[in-house]
Amino acid sequence: MMVDDSNPSSETRTKVFSNIIYKHPVKAVIQTADYKIQGDVHVRPNHRLRDELNTAEQFLAVTNAVIFDRAGQVVHSVNFMVVNASHIIWLLPVDEIQDEK
């Protein structure tokens, strides 16, 4: 039996090349000069939050974000935002917070 590959289906073509970058969400807190942002930062497999900051990307995507002012009051809640990486003072994963009570 002979298979005609001269006109592959669109499903076959998309399996050959895809520019999708798979990332997993990491709950994080981001501090800027004026705001604290809590949300999901998307990290490539086998990378750390720090690795995402060290890429050539100028902006860091954050989903499910809550933005707090200096007084700790919620200013905005958004599904998606980008943060200019040069404005980030510190960034930490929520699961690393060890508050003493």
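Mentor: Begin with a definition: a residue is called buried when its relative accessible area is under 20%, exposed when over 50%, and partly exposed in between. Keep in mind that this is a predicted model.

Trainee: Is Gln31 buried or exposed?

Mentor: Gln31 lies in strand E1. The cut-off for a buried residue is under 20% relative accessible area. Gln31 has a relative accessible area of 17%, so Gln31 is buried.

Trainee: Which residues does Gln31 touch, not counting residues up to four places away in sequence?

Mentor: Contact here means heavy atoms within 4.5 Å. With residues up to four places away in sequence left out, Gln31 touches Lys36, His87, Ile88, Ile89 and Trp90.

Trainee: What is the order of the strands in the open sheet?

Mentor: E1 (residues 24-31) is joined to E2 by 8 bridges, and the two run antiparallel. E2 (residues 36-43) pairs with E3 (residues 59-68) over 5 bridges, also in the antiparallel sense. The open sheet has 5 strands, and their order is E4-E3-E2-E1-E5.

Trainee: Which strands stand at the edges of this sheet?

Mentor: An edge strand here has a single partner strand, so one side of it is left without a neighbour in the sheet. The strands in that position are E4 and E5 (90-93).

Trainee: How many residues does the hairpin between E1 and E2 go through?

Mentor: E1 and E2 run antiparallel. Within this pair, Ala28 has Gly39 of E2 as its bridge partner. The hairpin joins E1 to E2 through 4 residues.

Trainee: What is the bridge partner of Val29 in E5?

Mentor: E1 and E5 pair over 4 bridges in the antiparallel sense. In E5, Val29 has as its bridge partner Leu92.

Trainee: Is Phe80 buried or exposed?

Mentor: Phe80 is in strand E4, which covers residues 74-84. The cut-off for an exposed residue is over 50% relative accessible area. Phe80 has 53% relative accessibility, so Phe80 counts as exposed.

Trainee: Which residues make the nonpolar surface patch?

Mentor: Patches are made of residues with over 30% relative accessible area and no salt bridge. Phe80, at 53%, is therefore above that cut-off. The patch has an area of about 300 Å², and the residues that make it are Phe59, Phe80 and Val82.

Technical notes
Residues are numbered from 1 along each chain as its sequence is written. This is a predicted model: local features need pLDDT of at least 70, side-chain atom pairs count only at pLDDT 80 or more; totals for chains, interfaces and linings use all residues. Side-chain values use heavy atoms; hydrogens and water are left out. Patches are made of residues with over 30% relative accessible area and no salt bridge: like charges are joined within 9 Å, nonpolar side chains (Val, Leu, Ile, Met, Phe, Trp, Tyr) within 5 Å. Accessible areas come from the Shrake-Rupley method with a 1.4 Å probe; for residues, only the protein chains shown count as cover. A salt bridge is a side-chain nitrogen of Lys or Arg within 4 Å of a carboxyl oxygen of Asp or Glu. Buried means under 20% relative accessible area, exposed over 50%, partly exposed in between (1.4 Å probe, protein chains only). Two strands pair if DSSP finds at least two bridges between them.
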